[in-house]
Amino acid sequence: MKIKLYLLFIVLSTSLFAQQKQVLTSIDTTKNKIGAEFKLTLKTTVKATSKVTFPNLKNVGPLEVIESYPIDTVKKNDQLELVKKYGLTQFDSGKYTIPSVKILIDKKPFFSDSIKVEVANVAVDTLKQKMYDIKGIIKAQDSWGNWWLYLLIALVIIGAVAYWYFKIRKKTVVSEVVVYKTPIEKATSLLNTLEQKELWQKGDVKAYYSELTDIARNYIEEAIAIPAMESTTAELVAGLKAASQKKKMKLSQETIENLERVLKQADLVKFAKSKPLDFEITEDRNKIQKAILTLDNAIPVVVESEEENVLNEAQKQKQLQLQLEKERKAKIRTYVGVGVGIVVGVFLFFVVTKGLMYTVHSIIGHQTKELLEGEWVKSQYGNPGVIIETPEVLTRVDLKKALPKEGLALIKDMQSFGYGSFLGDFYLMVSTYSFKQENALDLSKALEGSIKMMELQGAQNMLVKQEDFETPEGLKGIKGYGTFSKVDDKSNSSTKLYYEILLFSQNGGLQQIMILHEEGDEYAIKIAERILNSVELKLTRN
């Protein structure tokens, strides 16, 4: 926390800004209309050998620089009088403060005086404008009022998707769990299923040939123990010939050639985009079926011993367990998919009803949102007491060690309490001061000093507005508010902050409340509004 911000309420003497007398500040008018030009003049007198650097400004506080005039130089004996003018304007009515401008003289900083200006609206003759009747009050629709309807629709959609998903998955799992007794039974069943799909009749010849040859390859791999699924056509034919000799299978040359011819035809369809005629497709299907039956009949029948029967039964049980495990994993994927669907549905529901940012902040968290929705505390701080409601208890801040001796000499009592850090996302400070000499304080001057000190702490491009403020008890003060920019030196990025300052003076003392937060933070805006509405001050007697 940068506690130096509050020194301005202590050191009220003009000696703090004595160096600014080197620069004379003036303006052609303090009252102007929207869009009209203010001419700010900065004048300094230096030695002829001195180097003076006036800033190249785009904005001077809340006012926009529309023109930077050339420097006028007047030589007087061995000195030079330099005059720099800036053309300023503002397109929003109100009272503004032109902050001090830094000028370098021989690389030493000097500051101009701040000046108050007023921008007035252009008068409009309403008698010449066409008048319309006042429209009646239209009741706004409560987007949250029909929340149950949105929730019901979301649940129905999620239920329909879940039902469809379970239905499809159930069919898929049932088809996967089918266990065939023999490879020939599996091949015959798959060929019949392929014909029922009518793929090539629908124009998908490539898919038809792919499944047709996969059925044949899969049968050869399971029945004859050849890695047919991973082999090329030539490798498969060579392996089949070798296996027939090894297992003494009686295969005719015609059977092998027919099988090879269909496999090559399938390669042409899949990779060369060949399109066989309808009768050729039918012939290829018959050749595959005949080749599979011939191969199955050619495999020697081996009579299994009792031990081998037990072994085969164990293998079947193992295969069944694998299928059940596969089914279990499929169910888990289904449950996960449904769960994800429900989470996504609920997320979208809250996005529609509450907004994207609210939903995101509710999930990942947001500092000011948590402060706003947390448990608030009402406490009294300082002397004379400031009673205020805050989202967190303010902690005491000791400023005495940082004060200059001349400032401490003026103080009778001082107390400060804060939360957060200056130029952070959210900052709150309550301070009270009483002085040894009870003189009337000029709150407007105190506000000007506050703006200067904020600039020294890193605030840039300050927009300053001021208005009167009165507590429910009738104690009058002033309120300063506006925006400024903070710059992150590491990332060289700029963030706009909004500030509000309440100042009260009782018996020559000072009570001050300051709130800073990022501009546009809807949660911080509600926090600041609630805090300021809760302000109560202990009244002191003269």
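**Figure 1. Salt bridges in the predicted model.** The structure contains 9 salt bridges, a salt bridge being a side-chain nitrogen of Lys or Arg within 4 Å of a carboxyl oxygen of Asp or Glu. This is a predicted model, in which local features need pLDDT of at least 70 and side-chain atom pairs count only at pLDDT 80 or more, whereas totals for chains, interfaces and linings use all residues. Residues are numbered from 1 along each chain as its sequence is written, and side-chain values use heavy atoms, with hydrogens and water left out.

**Figure 2. Close-up of the salt bridge between Arg 328 and Glu 325 in helix H7.** The closest N and O atoms of Arg 328 and Glu 325 are 2.6 Å apart. Because the two residues lie 3 positions apart in helix H7 (residues 306-354), about one helical turn separates them; helices (H or I, at least four residues) and strands (E, at least two) are DSSP runs, numbered from the N terminus. An α-helix has 3.6 residues a turn, so residues three or four places apart point the same way. Arg 328 is partly exposed at 42% relative accessibility, and Glu 325 is likewise partly exposed at 32%, where buried means under 20% relative accessible area, exposed over 50%, and partly exposed in between (1.4 Å probe, protein chains only).

**Figure 3. Close-up of the salt bridge between Arg 530 and Glu 389.** The side chains of Arg 530 and Glu 389 meet at 3.0 Å, N to O. Arg 530 belongs to helix H12 (residues 522-533) and Glu 389 to strand S14 (residues 386-390), so the pair ties together parts that are 141 residues apart in sequence. Arg 530 is partly exposed, with a relative accessibility of 35%.

**Figure 4. Close-up of the salt bridge between Glu 500 and Lys 479.** In this pair the closest N and O atoms are 3.0 Å apart. Glu 500 in strand S20 (residues 493-504) and Lys 479 in strand S19 (residues 476-488) are 21 residues apart, and their pairing links distant parts of the chain. Both Glu 500 and Lys 479 are buried.

**Figure 5. Close-up of the open sheet S4-S10-S11.** The sheet is formed by 3 strands in the order S4-S10-S11, with antiparallel pairing; two strands pair if DSSP finds at least two bridges between them. Strand S4 (52-53) and strand S11 (108-111) are the edge strands, each pairing on one side only. Between S4 and strand S10 (residues 102-105), the antiparallel pairing extends over 2 bridges, and Val 52 has Ile 105 of S10 as its bridge partner.

**Figure 6. Close-up of helix H11 and its cover.** Helix H11 (residues 443-456) has 14 residues and spans 20 Å from its first C-alpha to its last, close to the expected 20 Å, the expected span being 1.5 Å times one less than the number of residues. The helix is mostly covered, with 11 of its 14 residues buried, among them Leu 443, Leu 447, Ile 451 and Met 454. The cover over the buried residues of H11 includes strand S12 (115-120), strand S18 (460-470), S19, S20 and strand S21 (510-518), where contact means heavy atoms within 4.5 Å. At the start of H11, a side-chain oxygen of Asp 442 comes to within 3.1 Å of the backbone nitrogen of Ser 444, while just after the helix Gly 458 adopts a positive phi of about 115 degrees.

Technical notes: Polar contact = N/O pair within 3.5 Å; in protein donor to acceptor, adjacent residues only side chain to side chain.
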